[in-house]
Amino acid sequence: MSVRSDAPAHRSVRRNPRARARLRPRAEREARRSAPPRRSPRRNLRKRNPHRRPRPNRKRPRSRQQKHPRSRRQKHPRSRRQKRPRSRRQKRPRSRRQKRPRSRRQKHPRSRRQKHPRSRRQKRPRSRRQKHPRSRRQRSLPRRKPPPPRSPSKRVRRRSPPRRDPLCAPQQNQSRKKPLERKPPRRKSQNADRCGARRAPMSEDLRIRNVAFVGPHHSGKTTLLEALLFACGAIARRGSVTDGSTTTDCEPEDIAHAQSTCVGFARATHDSIEINLIDTPGFIDFFEETRAALRGVDAAVVVVEADPSRIALTHALMEEIDQLRLPHIVVINKLDRPGADFNATLAELQRLYGRHVVAEQLPIRRDDSLVGFIDLATMQGTRYSADGDRSEAIEPEFDVVARQSRRALLEAMADFDDRLMQELLDDVEPPTEEVDRDLCDECAHDQIVPVLVASGLHGFGITALLRAIERWFPAPVGDARAPIRAQVIKTIVHPQSGKLSVARIHEGTLTSDATLIDLRTGERLRVGGLYRLFGKKSEPISSAGPGSIVAIARLEGVLTGSTLAGAPTVKPLPPIEFAPPVFAVAIKPKERIDEAKISQMLARIIEEDPSLQIARAQFTSEQLLLGCGEQHVGIAIERLARKHRVEIEVAPPAIPYLETISGSTEVHSRYKHQTGGHGQFADVQIRFAPRPRGSGLLFDDEIVGGVVPKNFIPAVEKGVREALARGTSGYPVTDLRVTLFDGQYHDVDSSEQSFRTAASMAVRDALPKCKPIVLEPIARVEVTIPPHFTATVIGQLTAKRGQILGMQPSDREGREIVEADVPLVELARYITELRTATQGLGTYRWSHERYDPAPPGRVPTAAVS
Ligand SMILES: Nc1nc2c(ncn2[C@@H]2O[C@H](COP(=O)(O)OP(=O)(O)OP(=O)(O)O)[C@@H](O)[C@H]2O)c(=O)[nH]1
Ligand SMILES: [Mg+2]
């Protein structure tokens with residue numbers, strides 16, 4: 001049966017396009033097939049309306065999207081998700097994702113976030129973007145708590161001077177001397193650390209504290225640190241300095257002298273916080289060691305004796321701490337001793353360093369010994385006992401003084417906290433938690449310096465000290481994934497096991513097989529091992545993160561102060577500049593056999609301690625070992641003998657005296673020797689005349705007519721010079737003119753040797769007739785001191801026959817320079833005298849200036865031959 005094309009088709013045929021096509025005549029079907037494809041009416045419509053907004057792929061209604069989650073997720077296979085850059089993944093913190101309600105998370109799983117990568121979301125028309133994305137995501141999260149309200153004026157330094165409590169003892173001497181200028185207090189945001197990173201006080205990210213124990217000589221640092229290690233369980237038995245059994249005084253020189261001679265390292269763990277401890281030597285000669293160690297820590301415990309007369313010795317140290325802006329506390333130690341005076345010591349601290357050095361604890365003393373303390377922040381008493389500290393209420397007899405001291409503490413803190421100040425003005429008692437929080441905050445930002453009490457020998461005050469270290473000191477900051485940035489703070493050379501560079505890691509994670517770049521030399525070095533130091537023990541470790549203090553083995557050529565980097569782009573840390581040496585000794589090996597190895601061994605010693613130097617004396621050519629003081633050089637020589645088995649002879653450097661003449665003379669000298677056979681004959685007439693100071697020796701030849709043949713004249717000059725090398729006093733003769741003006745010779749018997757002998761005889765003859773005088777070297781000295789010591793130093797220099805040239809301000813803040821010309825012989829032990837007179841703050845440098853006649857009787861008799 002055939003069907004006409006124009007006949008109305010059945011409804012099913014009309015609906016089915018294939019059936020419709022089959023009904024069309026063949027020609028029409030073929031024409032349609034060859035014709036270009038027709039656009040759909042919808043598409044045409046869109047073309048006609050160019051302003052119509054293009055619908056993004058997601059225009060599918062929301063309901064449908066949710067129906068096909070799986071299929072859509074599959075469109076973005078795992079590989080794509082993984083390729084997403086790290087940074088983006090991190091933008092949505094885990095905590096936030098987890099907080100989203102479970103139901104929603106399941107409906108819009110990972111796939112949805114991935115379907116709308118940032119680029120696409122941004123392309124989405126504005127109107128739509130505003131409808132969904134960020135707002136929707138946020139709505140699904142629990143609302144974040146607003147930050148606790150804080151007074152807008154909080155942390156603003158008060159301009160008006162803080163009120164003073166007339167009852168507070170520390171004020172007594174305030175007018176006598178200006179306290180050491182403290183830097184203006186820093187607010188949190190300004191508290192950038194020395195390597196540019198911000199400190200994170202009380203941060204729990206890195207549970208590390210890096211602390212140096214510093215203080216004057218014999219104040220009890222090593223003993224206190226030993227007690228702390230014992231309290232933390234880091235050692236089984238508490239060692240003692242007198243027995244030489246402490247952890248940190250482990251070098252034989254430390255034990256022999258019962259004092260620290262270099263920095264010692266230890267660590268302890270308390271409340272799951274790792275405390276890296278550095279014990280520093282207190283003797284001023286080793287101050288450069290302490291300075292280098294301070295570059296590796298985030299805070300310092302300044303240990304002082306309960307004796308006001310010894311507080312001035314902390315001056316240089318406090319200056320260094322202030323310069324490095326290190327948060328620090330002061331521990332008044334040895335309070336168990338009879339006569340220990342806490343109040344006077346605190347008053348002296350405040351007189352020198354200001355009111356921000358403030359007591360946080362008050363000692364409770366009974367029968368002239370320490371039995372406990374009162375915590376002024378919590379107003380709680382503590383009594384020490386053999387089986388631990390016991391809390392107790394404050395006894396009524398201490399109530400008034402405790403209240404006054406607490407008031408002083410709060411006032412010092414209020415200088416940095418307007419809210420606290422307002423509370424004090426309104427006579428409102430601030431809550432203990434607030435006081436405690438502010439104390440942590442202000443100490444961590446080096447705004448106030450709390451003073452604690454202790455007796456290291458009896459282990460008193462250790463619990464409170466540990467708490468202070470953990471709570472008040474900042475944790476180090478640093479990115480564990482950044483390239484390594486570390487600074488060497490100490491070099492230890494073992495004659496057998498080699499070199500260890502102790503470094504503080506500021507950024508990055510150091511592994512035991514890493515390659516580092518020494519930014520000083522640009523050299524690449526492979527780490528020869530990684531260790532953690534504990535006294536003389538070293539424990540190998542595989543890696544260490546930021547904030548750690550580690551010893552790195554076999555970094556040849558790396559010096560103390562060098563920055564070690566994981567990449568060449570890392571910014572170097574400020575180098576450690578060591579003070580120029582101020583004391584010298586002449587050294588030579590006892591055995592001639594050691595002469596070859598002595599310079600090599602000296603180089604090793606200097607590698608360990610860069611504040612030592614070796615040099616050749618300018619005039620005497622002696623080998624000199626220079627250091628920061630008599631003890632410093634002495635210990636270095638002991639160490640050299642012990643470690644490298646080189647015995648050294650030490651002597652004070654010879655003073656390079658000279659001799660000159662002050663009158664003229666002419667001498668006639670004849671040398672004639674006849675012993676059978678070939679004789680010797682020479683005859684010379686020589687004139688000696690003085691020359692201006694500093695012009696040296698001049699030899700003139702005024703021979704005419706060949707009375708002394710030309711070929712013998714150099715021999716005459718040689719004879720003169722040889723004889724003048726040792727004048728009448730045994731010192732070289734200088735500043736004179738020697739003129740050969742006449743002479744005789746013999747054809748056979750004259751020789752160079754005979755003219756040399758005749759010339760030296762002439763010199764020996766002439767010198768006593770020319771009124772010889774001894775010249776002494778004069779040094780130009782620049783003494784740098786705080787201005788209030790100027791009069792003392794001038795008096796000292798004048799007593800040394802010094803000629804004061806003037807005074808001028810120094811580049812260093814709060815320092816003055818006194819310039820003077822002083823005879824060198826008077827400066828032999830000047831550094832020791834200067835330090836004693838200036839509480840360790842004075843230093844000087846010198847250079848050779850000129851020679852002046854030495855006063856009669858001043859020339860050392862030993863030097864006269
Ligand atoms: N009575 C008393 N003596 C102490 C106390 N602490 C330390 N000593 C003694 O003081 C002396 C010096 O102690 P160290 O711990 O070596 O002092 P230091 O500050 O480390 O000394 P340097 O390292 O030389 O600066 C030793 O004889 C200790 O026994 C203390 O709390 N009370
Ligand atoms: Mg010590």
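User: Hi! What order do the strands of the four-stranded open sheet come in?

Analyst: The order is S7-S8-S9-S10, with antiparallel pairing. Strands are DSSP runs (E, at least two residues), helices are runs of H or I with at least four, and both are numbered from the N terminus. Two strands pair if DSSP finds at least two bridges between them.

User: Which are the edge strands?

Analyst: Strand S7 (361-366) and strand S10 (390-392), each pairing on one side only. Neighbouring strands of this sheet are turned by 30° against each other on average, direction ignored. Axes here are lines fitted to C-alpha atoms, for helices over the stretch in contact, and angles run from 0 to 180 degrees between N-to-C directions.

User: Before we go on, what sort of model is this?

Analyst: This is a predicted model, where local features need pLDDT of at least 70, side-chain atom pairs count only at pLDDT 80 or more, and totals for chains, interfaces and linings use all residues. Residues are numbered from 1 along each chain as its sequence is written, chains are lettered from A and ligands numbered from 1 in the order in which they are written, and side-chain values use heavy atoms, leaving out hydrogens and water.

User: Thanks! How many bridges join S8 to S9?

Analyst: Four, between S8 (residues 369-375) and S9 (residues 380-383). Asp375 has Gln380 in S9 as its bridge partner.

User: And which strands does helix H20 lie across?

Analyst: Helix H20 (residues 396-414) lies across S7 and S8, at about 155° to S7.

User: Switching to ligand 1: which residues are closest?

Analyst: Lys221, Thr222, Thr223, Ser260 and Asp336 are the closest of the 19 residues that surround ligand 1. A residue counts as near if one of its heavy atoms lies within 4 Å.

User: Which helix gives the most to that shell?

Analyst: Helix H15 (residues 221-231), with three residues.

User: What polar side-chain contact does Ser260 make?

Analyst: A polar side-chain atom of Ser260 lies 2.7 Å from an oxygen atom of ligand 1. Backbone N or O atoms come in too: one of Gly220 is 2.9 Å from a ligand oxygen, and one of Gly456 is 3.1 Å from a ligand oxygen.

User: Last topic: how do S28 and S29 pair with S30?

Analyst: S28 (residues 680-690) runs antiparallel to S30 (residues 736-744), joined by eight bridges, with Ile686 opposite Leu740. S29 (residues 697-701) pairs with S30 in the parallel sense over five bridges, and Asp700 has Thr739 as its bridge partner.

Methods:
A polar contact is a pair of N or O atoms within 3.5 Å; within protein, one must be able to donate a hydrogen and the other to accept it, and residues adjacent in sequence count only if both atoms are side-chain atoms. Contact means heavy atoms within 4.5 Å.
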